[in-house]
Amino acid sequence: MGSHYEAPIRTPLVTGNKSYHDVSVDVARPVEGRANKHWWIVFSISLAAFLWGVGCIIYTISTGIGTWGLNKTVGWSWDITNFVWWVGIGHAGTLISAVLLLFRQKWRMGINRSAEAMTIFAVVQAGLFPLIHMGRPWLGYWVLPIPNQFGSLWVNFNSPLLWDVFAISTYLSVSLVFWWTGLLPDFAMLRDRAVKPFQKKIYSLVSFGWSGRAKDWQRFEEVSLVLAGLATPLVLSVHTIVSFDFATSIIPGWHTTIFPPYFVAGAVFSGFAMVNTLLIIMRKVCNFEDYITMQHIELMNLVIMITGSIVGVAYITELFMAWYSGVEYEQYAFLNRATGPYAWAYWSMMTCNVFSPQFMWIKKLRRSIIFSFIISIVVNIGMWFERFVIIVTSLHRDYLPSSWTMFSPTFVDIGIFIGTIGFFFVLFLLYARTFPVIAQAEIKSILKSSGDKYKKTSESHE
Amino acid sequence: MSNHKVVHAFYTDDDVLLDAVKTVKDAHYHIEEVFTPFPVHGLDKAMGLAPTRLAITAFMYGIVGLCVATVMMNFIMIQDWPQDIGGKPSFSYIENMPAIVPIMFELTVFFAAHLMVITFYMRSRLWPFKQAENPDVRTTDDHFLMEIPAGDDVEALQTLLKETGAVEINLTEKH
């Protein structure tokens, strides 16, 4: 098996002596089996949160944006904080499947399917916020380049908000297609295993009649590679353009050129943290410890550590540039962030995002499941605060001291945010029961090089 | 072809399959199709399949997207209804172009990705309600299937396949 040789010092990525058939059985098990009590409990809580969010959205739309805590000074707050937070989380899936594909990182294969699912579900949550904030969401199609009814007045393509519409819709649709194309062979596996006629019908519908011909696989691999090549600059462009929403304005604290790389690093950071949160639970619940191994979690932790440090450098650069610019408005904006009435938010952000990932330098901690889980939650709290700090602290003390104010969220602000978290988990839990959550075809293709069963036999032959 | 019978040879290992494909090829048999549960590297070359040109189509679709974006932006922002937005130049496309770069990029990616995937689905005949054509359900699990037209001397072919390590050999009617 010369072509499958991999150095013995590389940690196996699939443990438990798996054969090809074992992989099919393991991946199909959560789909073919029945949901356990824990699934129903978590699903019910998520559904309740989602319905509460739906109620708050209905209240917002029927009454108006005045139900939120916004005022004339702080005109953007939780809505856009949540939007940027969710878009950021929605970056990890494409990063894992596209960038790691281009770098030929085999460890992506155990986690890419769920990371991409998470991406799509997170972008759906993000998309809700601009839509709700429009006030009249049924006129949402006005962002499309169509002339209005009064003549040929077009949307403003010089506005970063419109670039965002194009970036996020391209990202969502391309991610969806990338995900589904990768799913075809795995749906086909479920289809061919299905015994109940209804399941057979559904999986043959969604597998698009995938048959696994040699020519199909050749095209499949080429398409995956080209999509990865397209998705890599795309994913970087999305958060870059989201950061333009702020960076192209002239608000002190927003008007900084470091925003694009800083936002992208933050997005990778929070996205990987969310992947860790979800997969640490999933590997336990679905018995995927042999596919999502300690090695996977450790590598994710290393990415979190590095991107967290990049984010830390960005925070410090921002402070330095504010001081070095000599612009007193800029200087005040940052002084106010760190020492003003929102200092608690700033220092929460600093603690969660810059200090907490540094623990990952210690091997024992980054190989601890419970510690990785806690850090992944802490990081996402920190990243929410980052967006809150950028948005609210830059606005709440504007040029006119008489209009200085604070922001306090109403129950509607909180309800909608909790609702999107509920919606996200509803989608993810449904996905976990019906989709092949591990890219089994890809896992089978690395089984001989990275599975412990074959690694052991190739060592014994030497 | 004198008859429509085909021989299905099943394998359970991708390396054995790859060697078998080479042996069968060398014995001057025509391999109709190979069904595998996962991509087997080198199989397309061993079978003598031509390289796919999907990447080239993606490049061309990307150029189409870039052109669409350029023409659309020039028409909307410059020709049809120029507006003074923050003093940005609105009467010359090339001067307003930097503000349009994100749109040009996104539409390039949008066209390249979606049209390439649609081309792939059309060429490989994949769409909802399409019936699967793999002859045996095990080929999406852990079996590899080689389909060879039976020809006149079935016995010789079956002996050859047995030698290559096939675990099961069936003579069936081609659908």
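How many residues of chain A are in contact with chain B, and how many residues of chain B take part?

## The interface between chains A and B

In this predicted model, 54 residues of chain A are in contact with 55 residues of chain B. On the side of chain A that touches chain B, the elements that give two or more residues are α1 (20-32), α6 (160-193), α7 (197-206), α8 (214-247) and α16 (440-450) of chain A. Among these, α8(A) gives the most, with 16 residues.

Sorted by class, the residues on this side of chain A divide into 28 nonpolar, 17 polar and nine charged.

## Two helix pairs in chain A

Helix α2 (residues 37-63) and helix α15 (residues 411-434), both of chain A, have axes that come within 6 Å and cross at roughly 140°. Angles over 145 degrees would count as roughly antiparallel and those of 65 to 115 as roughly perpendicular, and α2(A) and α15(A) are therefore oblique to each other. The crossing in which α2(A) passes α15(A) is left-handed, and their contact holds 20 nonpolar and seven polar residues but no charged residues.

A second pair is formed by helix α9 (residues 259-285) and helix α14 (residues 369-395) of chain A, whose axes come within 8 Å and cross at roughly 140°, which makes α9(A) oblique to α14(A). The crossing of α9(A) and α14(A) is left-handed. On the α9(A) side the contact includes Gly266(A), Phe269(A), Ala273(A) and Ile280(A), while the residues given by α14(A) include Phe373(A), Ile377(A), Asn380(A) and Glu386(A). By class, the contact of α9(A) with α14(A) has nine nonpolar, seven polar and one charged residues.

## The open sheet of chain B

In chain B, four strands form an open sheet in the order β2-β3-β1-β4, and the pairing is antiparallel. The edge strands, each of which pairs on one side only, are β2 (33-35) and β4 of chain B. From one strand to the next, the twist averages 20°. Strand β2(B) is joined to β3(B) by three bridges, and these two strands run antiparallel; within this pairing, Phe35(B) stands opposite Leu145(B) in β3(B).

Helix α6 (residues 154-163) of chain B packs on the sheet, where the helix touches β1, β3 and β4 of chain B.

## Strand β1 of chain B and its partners

Strand β1 (residues 5-11) of chain B is mostly covered, with five of its seven residues buried. In the strand order of the sheet, β1(B) stands between β3(B) and β4(B). Six bridges join β1(B) to strand β3 (residues 144-149) of chain B, and the two run antiparallel; six bridges likewise join β1(B) to strand β4 (residues 168-173) of chain B, again with an antiparallel run.

Phe10(B) illustrates this placement, for the residue stands opposite Leu145(B) in β3(B) and has Glu168(B) as its bridge partner in β4(B). Leu145(B) in turn stands opposite Phe10(B) and opposite Phe35(B). In general terms, the strands of a sheet pair through backbone hydrogen bonds, either parallel or antiparallel.

Technical notes: Residues are numbered from 1 along each chain as its sequence is written. Chains are lettered from A and ligands numbered from 1 in the order in which they are written. This is a predicted model: local features need pLDDT of at least 70, side-chain atom pairs count only at pLDDT 80 or more; totals for chains, interfaces and linings use all residues. Two residues are in contact if their C-beta atoms, placed from the backbone, lie within 7 Å. Ala, Val, Leu, Ile, Met, Phe, Trp, Tyr, Cys and Pro count as nonpolar, Asp, Glu, Lys and Arg as charged, and the others, Gly among them, as polar. A residue is buried if 20 or more other C-beta atoms lie within 10 Å of its own, exposed if 12 or fewer, and partly exposed in between; C-beta atoms are placed from the backbone. Two strands pair if DSSP finds at least two bridges between them. Axes are lines fitted to C-alpha atoms, for helices over the stretch in contact, and angles run from 0 to 180 degrees between N-to-C directions. Angles under 35 degrees count as roughly parallel, over 145 as roughly antiparallel, 65 to 115 as roughly perpendicular and the rest as oblique. A crossing is left-handed if the near helix is turned anticlockwise from the far one by less than a right angle, and right-handed if clockwise.
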